[in-house]
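Opening the notebook on a new model.

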Amino acid sequence: MNDATPEIFEPSQEFPDPDAQRRLAGLIGIESHRERLEKGLRLILDPQAIEAWSERHHQRRLAAIDHFRNRPPLFILAGDVGVGKTALAETIGDAVARAEKIGVTLFRLSLASRGTGLQGQTTTLLGSAFTQVGDQAARAKSRQGKARAGCILLIDEADALAQSREATQMHHEDRAGVNALIRGINDFAVRQLPAAVIMCTNRLTAIDPAVRRRAADIILFERPTEQHRRHILDAALIDAGFSAAQIAKLVAVTGEGKNRLGFTFSDLTQRLVPNLILDAYPNQPLRFERALEIAVELAPTPAFRDEAPT
Ligand SMILES: Nc1ncnc2c1ncn2[C@@H]1O[C@H](COP(=O)(O)OP(=O)(O)OP(=O)(O)O)[C@@H](O)[C@H]1O
Ligand SMILES: [Mg+2]
């Protein structure tokens with residue numbers, strides 16, 4: 001089904017998929033983000049659903065629904081590092097596929113193929129990415145109602161596409177890249193294809209304003225709250241015999257302090273917890289006192305400063 005060339009896309013993924021379902025279910029504290037993105041994507045695949053909602057709840061076709069017509073199918077996930085932007089973008093297709101009872105294909109724009117700065121390259125790359133995804137989506141589009149399948153084009157680290165703006169000599173080419181992006185998104189909207197674009201970025205301000213303006217939704221991600229940290233640490237450590245009071249202490253030291261930021265989700269799941277295990281393994285059990293020392297020593301990932309390019 002997928003005839004994409006490997007240089008443009010990473011291997012594509014088909015949903016529903018049990019691994020993706022598990023990963024998505026494991027994301028903590030971003031339920032509202034997930035819901036917003038899922039609803040937005042579903043309404044693109046099944047545009048008539050909003051009319052059905054209107055009839056059901058207002059017994060008429062509301063004027064407000066017109067604002068959903070030709071809505072650009074672009075969603076931007078922005079925010080700090082290691083908070084689940086990529087994880088959500090990579091797995092949300094599973095929730096959409098299950099809810100709509102159709103297949104969804106995820107195309108990920110290859111990172112390796114970008115940013116080498118050759119004249120015209122970005123434009124050509126984006127142009128063919130949109131063409132390929134658009135072709136597949138066109139085959140799945142139904143004349144009436146819900147599409148038979150859906151496509152998601154993921155542009156991760158989307159600021160990398162815009163980065164060359166900082167070098168003035170690249171200005172022209174970069175502008176062309178931005179134009180190709182806008183053209184592709186508009187094309188999906190005008191043809192009402194069952195296809196959407198998700199862009200992830202640490203630096204919302206590095207995304208061209210013309211692109212930002214077209215987003216159907218911009219979802220902002222933040223570091224985990226105290227409650228989220230407790231949730232993660234409970235799940236990871238309660239069966240090792242840590243008491244609620246000990247976990248509360250770990251929750252406190254991984255939070256924001258006088259001179260430091262709180263831990264990110266990935267600081268907790270990919271650094272702290274594995275570090276505790278590696279420290280104890282193979283001769284010791286996990287112990288609270290040692291866990292506390294390690295947590296205090298481990299510095300959280302620095303914030304990604306969202307500065308406008310100069
Ligand atoms: N909300 C979350 N709940 C549970 N685990 C999370 C969450 N967010 C991130 N993680 C863990 O951190 C890992 C990295 O997250 P992800 O790659 O999605 O971060 P990101 O926001 O895309 O960061 P970056 O801006 O650095 O690309 C995930 O694979 C997961 O293990
Ligand atoms: Mg990411």
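My entries follow, from the whole protein down to single elements.

**Ground rules.** I'm working on a predicted model, where local features need pLDDT of at least 70, side-chain atom pairs count only at pLDDT 80 or more, and totals for chains, interfaces and linings use all residues. Residues are numbered from 1 along each chain as its sequence is written, chains are lettered from A and ligands numbered from 1 in the order written, and side-chain values use heavy atoms, leaving out hydrogens and water.

**Whole protein.** I looked up the secondary structure and got 12 helices and 6 strands. These are DSSP runs numbered from the N terminus, helices being H or I with at least four residues and strands E with at least two. Of the 310 residues, 47% count as buried (under 20% relative accessible area; exposed is over 50%, partly exposed in between; 1.4 Å probe, protein chains only). The accessible surface comes to about 15,800 Å², and 53% of that belongs to carbon and sulfur atoms; the method is Shrake-Rupley with a 1.4 Å probe. I also checked contacts (heavy atoms within 4.5 Å): among those between residues at least 6 apart in sequence, 81% join residues at least 24 apart.

**Strand S4.** Is S4 (residues 149-155) covered or uncovered? Mostly covered: 7 of its 7 residues are buried. Ala149, Cys151, Leu153 and Ile155 point one way, while Gly150, Ile152 and Leu154 point the other. Next I went through its partners (strands pair if DSSP finds at least two bridges between them). S3 (residues 103-108) pairs with S4 in the parallel sense over 6 bridges, with Phe107 opposite Leu153. S5 (residues 195-201) also runs parallel to S4, joined by 5 bridges, and there Leu154 stands opposite Ile198.

**Strand S6.** S6 (residues 217-221) has a covered face of Asp217, Ile219 and Phe221 and an uncovered one of Ile218 and Leu220. S2 (residues 74-79) is joined to S6 by 5 bridges and the two run parallel. Leu220 of S6 is the bridge partner of Ala78.

**Helices H9 and H10.** H9 (residues 226-237) packs on H10 (residues 244-253) at about 130 degrees, axes 9 Å apart. That angle makes H9 oblique to H10. On the H9 side I noted Glu226, Arg229, Arg230, Leu233, Asp234 and Leu237 making the contact, and on the H10 side Ile247, Leu250 and Val251. For the record, axes are lines fitted to C-alpha atoms, for helices over the stretch in contact, and angles run from 0 to 180 degrees between N-to-C directions. Under 35 degrees counts as roughly parallel, over 145 as roughly antiparallel, 65 to 115 as roughly perpendicular, and the rest as oblique.
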